[in-house]
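Work through the two exercises below with the sequence and the model in view, and try each task before reading its solution.

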Amino acid sequence: MPRQVDHDRRRRQIAEAVWRLAISGGLEDVTLRQVAAEAKVSARLLQYYFGTRADLLLGALKILNEDAERQARERLALLGETPGMHAIVRGVLLELLPVDEERRTRHLVYAAYFVRFLADPALAKVARDAPRALEDLVAGLIEQGQDTGQVPRRVDATAEAAFLVAGTEGLQSSVLLRQRTADEAIAMIDHQLARVFTTTNPA
């Protein structure tokens, strides 16, 4: 167990170095040597934990995603035992916005990865082939809302989920650039959710 803990700690140390470089200068030209220097480890140790440059970038992204999922579950748990589908969907969508420093940092890293994916066909394929799990999750929650009377049956859950996720993702850049405040973006999401949900909790 101690060896596994040390292994995970080293991988996180290196992943965090990738994230810092992503925020400060992007990932287009980042090298293994630069990451090793930022992480304060040898290039040989870096390769031992991650392998190739592509493996390193994908591994660091995986750790970031795992962090995001854990933090999202913790925030959703704070909604209480029976929050209703409206509150749950809202909570899921807010994870896509840089509404606090932790999420802002994460989305800045994601932005750097987006540019890198555009430039690297191999990495782009990974992104393209990834399932649309978030849309499926939101669609499933909306369907549960229909079953409990919180969403009208006429609502197309799949179409609404796609629109809500895409719309929220589209707000990321404007909030990151401070063209809109986080509160303004949240108000826009609330406006859209009001179209979908007729009640916030089951009758």
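Helices here are DSSP runs (H or I, at least four residues), numbered from the N terminus. The model is predicted, so local features need pLDDT of at least 70 and side-chain atom pairs count only at pLDDT 80 or more, while totals for chains, interfaces and linings use all residues. Residues are numbered from 1 along each chain as its sequence is written, and side-chain values use heavy atoms, with hydrogens and water left out.

**Exercise 1.** Determine which element gives the largest share of the lining of the second largest pocket.

Solution. Begin with the space itself, which is about 200 Å³ in the second largest pocket. Among the 13 residues that line this pocket, Trp 19, Leu 64, Glu 102, Thr 105 and Arg 106 are the closest to its centre. Two or more lining residues come from each of α1 (2-25), α4 and α6, and the largest share, 5 residues, belongs to α1.

**Exercise 2.** Describe how α6 and α9 pack, giving the angle and the distance between their axes.

Solution. Take helix α6 (residues 101-119) and helix α9 (residues 157-176), whose axes are 11 Å apart and meet at an angle of about 105 degrees; axes are lines fitted to C-alpha atoms, for helices over the stretch in contact, and angles run from 0 to 180 degrees between N-to-C directions. The two helices are therefore roughly perpendicular to each other, a term that covers angles of 65 to 115 degrees. Next, find the residues in contact (heavy atoms within 4.5 Å): Arg 104, His 107 and Leu 108 in α6 meet Gln 172, Val 175 and Leu 176 in α9.

Notes
Angles under 35 degrees count as roughly parallel, over 145 as roughly antiparallel, 65 to 115 as roughly perpendicular and the rest as oblique. On a 1 Å grid over the protein atoms alone, a cavity is a set of points where a 1.4 Å probe fits but cannot get out, and a pocket is an open set with protein on both sides within 12 Å along at least five of seven lines; lining residues have an atom within 4 Å of a point. Grid points are joined across faces, edges and corners, and a volume is the space filled by probe spheres set on the points.
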